[in-house]
Amino acid sequence: MCWSLRCEETFLFARKEGTSLISLNGIEKIYHSQSGQIHALRGINLEVKAGEIFGVIGKSGAGKSTLIRCINRLEQPTAGTVIVDGQDITKLTENELRESRKKIGMIFQHFNLLSSRTVFDNIAFPLELAGYTKHDVEDTVVRLLKLVGLSDKREQYPSQLSGGQKQRVGIARALANRPKVLLCDEATSALDPQTTKSILELLKNINRELKLTIVLITHEMQVIKEICDQVAVMENGLIIEQGPILDIFTQPQAAITREFIGTIMNHDLPDHFKHMPLSRTPLPDSKLLLRLSFIGDAAGEPIIAGMIRRFDIDVSILYGNMDHIKNVSFGTLIVELSGSQDAIHRALEYTRAHEVGSEVIGYVSRHAYAAV
Ligand SMILES: Nc1ncnc2c1ncn2[C@@H]1O[C@H](COP(=O)(O)OP(=O)(O)OP(=O)(O)O)[C@@H](O)[C@H]1O
């Protein structure tokens, strides 16, 4: 990281952290193919603030690649505007675009390195194109190699590197022109989990140290959870949900968001409960199924013990998990409350007074247990 500290003048940020660096307004993309038209993006609006890591998640075909490629105009949007650092990318001439793209680095799933060039020469390539002197090229590449931890590989060829090392070369090359934005197109999808972790760690460090804004697309919720500040969820060319990741993880609204979160943490009832008839209103002699969500300080509160102590009820924990994002703990418990309806009602009020999210899943008759 010392490269950035010695060269802070090389990363000049026109925009302060927290102000909008990328703004997509009403982006449409229609592809014309032999089999007809494909409406890949359907009115995308997106704001990425300077200094943040913004993740876009979606299943295959959702439109993620098309979206990220509109940011540097590798794809020309059919309609809408793409503003990067105050400049409307969609309106630029080819010459202006070439210059503007220096502000926008990109890395790819399959690295896209030049196989006939060494590691050093791959990273040097954009600098040579930009007309840097031999001395400046040498100086910059040496520093970039150090930044990505590949100083000892400078004379190797891509075929002699592991996937993670290749992606490090890709990152160094993308940073060569001192961009303000780094676009990551499924940058870890071809890597094993351990290597993925180390690349995400590197991206996180680069974001922190160089204050580089990062936009990444992925189909893996774990990637979003590990490094993103904000996330947008895409389906069928639309953004169906977006927000800070803690909000999205603790209060997912759309079914597909719940599905993505479900791939790394369970948010659902245990299977055998799914087959029980649930009532929205209390039945005589029924038990209440409740989902409790805890965030931050509330995660440490002994809420269950408090309920049992204060009210004449039994509480069984059916399912629970705890996790943390950016050092904030959060968790979910699915509990079953049994007792008089009055005691259950008061226990419910008690949870609501304690800044604990509580969602009534339903009431289940005691007899239902026998039927399952
Ligand atoms: N060059 C193209 N010509 C025609 N159709 C395309 C083209 N590129 C993408 N599409 C179509 O646009 C839609 C969105 O594709 P896109 O690659 O953006 O999705 P994605 O979410 O990135 O999917 P994946 O994760 O599989 O890459 C898909 O239906 C795809 O088939």
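## The hairpin

Let's start with a hairpin: strands E1 and E2 form it, with two residues between them. Strands here are DSSP runs of E with at least two residues, helices are runs of H or I with at least four, and both are numbered from the N terminus. This is a predicted model, where local features need pLDDT of at least 70 and side-chain atom pairs count only at pLDDT 80 or more, while totals for chains, interfaces and linings use all residues. Residue numbers run from 1 along each chain as its sequence is written.

E1 covers residues 20-33 and E2 covers residues 36-49; eleven bridges pair them in the antiparallel sense. (Two strands pair if DSSP finds at least two bridges between them.) Along this pairing, isoleucine 22 sits opposite valine 48, and tyrosine 31 has isoleucine 38 as its bridge partner.

## The whole sheet

E1 also runs antiparallel to strand E4 (residues 79-84), joined to that strand by five bridges. Here serine 23 has isoleucine 83 as its bridge partner.

Put together, four strands make an open, antiparallel sheet in the order E2-E1-E4-E5. E2 and E5 (87-88) stand at the edges with a single partner strand each, so one side of each has no neighbour in the sheet.

## Around the ligand

The ligand has 13 residues around it, and Tyr31, Ala40, Ser60, Ser65 and Thr66 come nearest. A residue counts as near if its C-beta atom, placed from the backbone, lies within 6 Å. E1, E2 and helix H2 (64-71) each give two or more residues to this shell, and H2 gives the most, with three.
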